[in-house]
Amino acid sequence: MANGFGSLYIGQSGLMSAQNALNTTANNLANVNTTGYVRQQVRFADQEYSTLKIASSTTNLQQAGLGVSIGDVVHARDVFLDKAFRLESGREAFYSNCYEITTQVEDLLQELDGEEFANSITDLYTAIEEMAKDPADSTNQNLLLQKCELFLSRSASLYSDFKSYQSNLNNQIKDAVDTINEIGNRIYELNIEIQRVESAGVETSMTLRDERDQLLDELSAYAKIDVVEDQTGFVSVELEGSEFIIDRGCMNMGVLYDSDTTFYTPYWPHLSNDETQSYIEVFNLTYDAKTENNTDIGKVKSLLIQRGDHFGNKSDMESLEAYSKIESSTMMEVEAELDQMYGKVVDIINNLFAPNLSVEDSAATFQSAFNTITVSDEDIDAENSTYKLLSGKSESNTYYEVGTANGKTQIVAAESAQILDVDNAYYGIDHELPPREIFVRNSESRYTEVVSPLNGETYYVLNAEDPENSNTWYHIGTTRINDELQKQITLMPAYQGDGDVAYDLGEALSVAWSSATLTLNPTDNNVTNFESYYNKMIDKLATDGSIYSAASDTLKATTASLESSRQQVTGVSSDEELTNMVKFQSAYNASSRFMTVISQMTETIVGLI
């Protein structure tokens with residue numbers, strides 16, 4: 001009887017094990033399309049054995065098995081594949097985002113309000129060619145003024161679009177930081193919950209682990225992470241080399257706000273000091289993004305690099321040192337290229353309509369007209385009154401006054417000072433000086449009148465651009481079309497000093513426009529004209545986009561391959577699970593039949609007794 005009832009227990013263990021295996025298989029099938037789900041695999045094990053005889057010199061060990069049990073439900077992951085996938089996923093996000101940004105910039109350059117920006121350059125050149133035929137013709141003058149205004153407005157509109165998109169990238173950075181913090185806080189919560197569930201060593205919190213692993217995959221696309229799991233099931237995360245998720249909690253990022261640019265910069269509040277304004281930034285951008293250094297990982301880093309730290313302008317193109325700070329940023333570089341081209345167009349047109357003496361000739365004129373001394377710009381210290389600024393003038397002036405012992409003043413000219421070339425200037429129909437420039441600065445006139453104490457003549461000193469004050473620049477956002485010319489087009493300089501039509505002015509405009517006078521950036525040795533310059537801008541963007549696209553496509557293939565390898569370990573195969581279901585169902589039926597036979601046999605034996 002004991003053996004009979006013992007057989008029933010064995011059959012019961014088979015039924016329960018098969019039933020649990022069926023439940024696990026059904027759960028796998030139900031989650032075949034669930035993102036992040038890791039398949040559960042049943043491992044069977046023997047139950048304890050009942051010893052009938054101890055092994056001796058005359059007898060062998062005799063044992064009777066007590067059935068089967070579920071030894072474990074395996075929740076398998078390959079940590080090496082996970083690490084490789086997360087690394088390449090972050091790198092793929094970096095290059096995909098770079099490609100998306102360059103593509104967007106290309107779209108802005110190719111299309112502006114339904115018309116290519118390149119047309120405004122071509123139209124301006126056409127107007128200059130017409131002006132060269134007859135500078136005094138009011139129709140030609142109007143055409144040139146209109147095309148200058150169109151070029152200005154389209155340049156300003158395009159530059160504004162760049163700035164808007166740059167601000168959009170800035171908002172994406174803020175949103176990404178918020179998302180990273182949300183993910184980090186949730187991972188920490190899951191860590192605590194997993195430790196609570198698994199602390200007794202009985203259960204494995206598979207659903208919680210699946211959610212945590214999925215969040216780690218998402219986090220890897222935003223930044224470079226290193227993940228370590230301890231023996232309690234707690235996952236620690238380092239982000240960009242700093243502690244992010246530790247046993248004390250999630251070290252949330254903060255963002256620094258720059259009131260001048262409105263840009264956000266992620267930083268670590270727990271490592272920074274507000275009192276001393278010492279802030280530790282999350283992302284180190286001092287190194288070039290390179291695969292061999294693992295510095296080209298994460299969407300946020302690509303956003304920071306491509307956005308840059310300011311709105312690009314022509315001063316970024318003045319030297320290799322200045323350019324090196326923006327060349328990795330698509331937004332700052334294209335803004336600087338556009339502003340540089342705009343500034344060159346303005347300089348060519350304004351300097352032909354209102355020409356200046358060379359620096360050397362200006363210095364000689366200053367000497368004869370004012371008995372000046374000439375000093376270098378570095379020697380002029382307005383703040384400490386080594387040389388005092390001329391009363392009422394801005395810091396962009398390049399001429400100064402200094403007090404003498406007898407209380408008189410003397411003009412001191414900086415070595416870069418220039419004055420209007422009156423003899424070669426062009427006049428409007430009113431024949432007045434100074435000539436009216438087409439492009440006017442919003443906050444600075446072109447010249448300041450200075451009367452010589454020696455000969456009583458008036459000289460027009462150029463208010464030069466101050467490198468430290470962008471409001472004094474001829475660049476996008478600080479210039480407009482001359483209001484006087486818009487009101488009365490005949491005031492446009494088109495006549496020589498003797499009253500004759502300035503045909504040489506029209507020819508000079510045409511020649512200056514067609515001449516090769518620009519380089520794209522300080523590393524470019526190929527001089528070009530304006531139309532070719534714009535084409536080079538497009539070509540460089542296309543080249544950069546092609547590089548980013550190729551890298552992105554390669555990395556997508558790599559991550560897809562790694563994900564396929566991971567799925568072989570963690571993924572659910574419906575065919576395999578259906579096979580397992582048939583197998584476990586057959587095992588269940590066999591155990592059920594076994595119990596039926598044992599029950600019938602027991603009933604027969606009892607009936608015979």
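Ala93, Phe94, Asn97, Cys98 and Ile101 of H2 are in contact with Lys299, Lys301, Ser302, Leu303, Ile305 and Gln306 of H6, where contact means heavy atoms within 4.5 Å. By class, 6 nonpolar, 3 polar and 2 charged residues make up this contact of H2 with H6. Ala, Val, Leu, Ile, Met, Phe, Trp, Tyr, Cys and Pro count as nonpolar, Asp, Glu, Lys and Arg as charged, and the others, Gly among them, as polar. Helices (H or I, at least four residues) and strands (E, at least two) are DSSP runs, numbered from the N terminus.

The structure is a predicted model, in which local features need pLDDT of at least 70 and side-chain atom pairs count only at pLDDT 80 or more, whereas totals for chains, interfaces and linings use all residues. Residues are numbered from 1 along each chain as its sequence is written, and side-chain values use heavy atoms, with hydrogens and water left out.

Two packed helices are described by the angle between their axes and the distance between the axes. For H2 and H6, the angle is about 35° and the axes are 7 Å apart; axes are lines fitted to C-alpha atoms, for helices over the stretch in contact, and angles run from 0 to 180 degrees between N-to-C directions. The crossing of H2 with H6 is right-handed, a term that applies if the near helix is turned clockwise from the far one, and left-handed if anticlockwise, by less than a right angle. H2 also meets helix H5 (residues 206-220), the two axes coming within 8 Å and crossing at roughly 35°. Here Phe85, Arg86, Ser89 and Gly90 of H2 touch Asp213, Leu216, Asp217 and Ser220 of H5. This second contact has 2 nonpolar, 3 polar and 3 charged residues.

H2 and H6 return in the largest pocket, where helix H2 (79-110), strand E9 (254-257), helix H6 (299-307), helix H7 (320-324), helix H8 (330-353) and helix H12 (530-570) each give two or more residues to the lining. H12 supplies the largest share, 6 residues. The pocket holds about 1,100 Å³ of space and is lined by 43 residues, with Leu285, Ile305, Lys325, Ser328 and Ser329 nearest its centre. Its lining comprises 20 nonpolar, 11 polar and 12 charged residues. On a 1 Å grid over the protein atoms alone, a pocket is an open set of points where a 1.4 Å probe fits, with protein on both sides within 12 Å along at least five of seven lines, and lining residues have an atom within 4 Å of a point. Grid points are joined across faces, edges and corners, and a volume is the space filled by probe spheres set on the points.

Attention now turns to the sheet. Four strands form an open sheet in the order E5-E6-E7-E8, with antiparallel pairing; two strands pair if DSSP finds at least two bridges between them. Strand E5 (225-229) and strand E8 (249-250) are the edges, each pairing on one side only. E5 and E6 are joined by 5 bridges, and Asp226 has Glu238 in E6 as its bridge partner. These two strands form a hairpin with 5 residues between them, and Gly233 in the turn has a positive phi of about 95°. Strand E7 (residues 242-246) pairs with E8 over 2 bridges, Ile246 being partnered by Gly249 in E8. Helix H4 (residues 138-198) lies across strand E6 (235-239), E7 and E8, at about 45° to E7.
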